[in-house]
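Please open the structure in your viewer and keep the sequence panel beside it. The tour below goes from one selection to the next, with a short account of what is there.

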Amino acid sequence: MDFATYTQWSGYGTLFAVVLTVLAFAFKWGFRFRLVGISGFMLVLTTGLFGLSLGLFERAEIPGSVKFNRVYDNGANQIVITVEPTVTPTEVEATLLQAANTYFSFGRGGNNGDNQMKIRARTLIHPEPGQSKPLYLGELRRPLGVKSDEQIKVELSKKAFAQLPQS
């Protein structure tokens, strides 16, 4: 999302609403007080978009990671992501690191005294027509509430990669 562009256009709309409001008061139009509300709302909207454009939601990108989707998240310490079955082990490792970076939050808490976040990468294979089988390719563990990268452990399953279809 390019919030800077949205902020710019919202700013233009706000200036237009303010100029229209001033004209409405100058010519004593009947709807001039409605324009005050519209101008105020536009100002609040523009201010909010400006705050978002400061980059509060930007995440670092890990080179070599591939597109993934989150399919399970218990909101605490377990996440499952899915990747394409054509993925390589190095791409899975980079994608797990990307997911750890993307879904890191100080608000996550451990269940049952477990203070480790676990992110698992899986894909779906089709051993026979009409049959799907989930295949877990790797797992990442990191401490909850600590963003340091040196404590991240990534484990890949060689057995799972051997079951992937060869392209």
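Which residues does Thr123 touch, not counting those up to four places away in sequence? In this predicted model, select Thr123 and show its surroundings: the residues in contact are Thr82, Val83, Glu84, Pro85, Lys133, Pro134, Leu135, Leu137 and Leu164. Thr123 is found in strand β3, which covers residues 116-125, and its relative accessible area is 0%, so it counts as buried.

Now colour the buried residues of α1, which are Phe3, Thr7, Ser10, Gly11, Thr14, Ala17, Thr21 and Ala24. An α-helix has 3.6 residues a turn, so residues three or four places apart point the same way. If you then show α2 (32-53), you will have part of what covers the buried residues of α1.

Finally, move to Lys28, which is found in the loop between α1 and α2. Is Lys28 buried or exposed? Its relative accessible area is 65%, and therefore it is exposed. The backbone here also deserves a look, because most residues other than glycine have a negative phi. Lys28, in contrast, has a positive phi, near 55°.

Technical notes
Residues are numbered from 1 along each chain as its sequence is written. This is a predicted model: local features need pLDDT of at least 70, side-chain atom pairs count only at pLDDT 80 or more; totals for chains, interfaces and linings use all residues. Side-chain values use heavy atoms; hydrogens and water are left out. Helices (H or I, at least four residues) and strands (E, at least two) are DSSP runs, numbered from the N terminus. Buried means under 20% relative accessible area, exposed over 50%, partly exposed in between (1.4 Å probe, protein chains only). Contact means heavy atoms within 4.5 Å.
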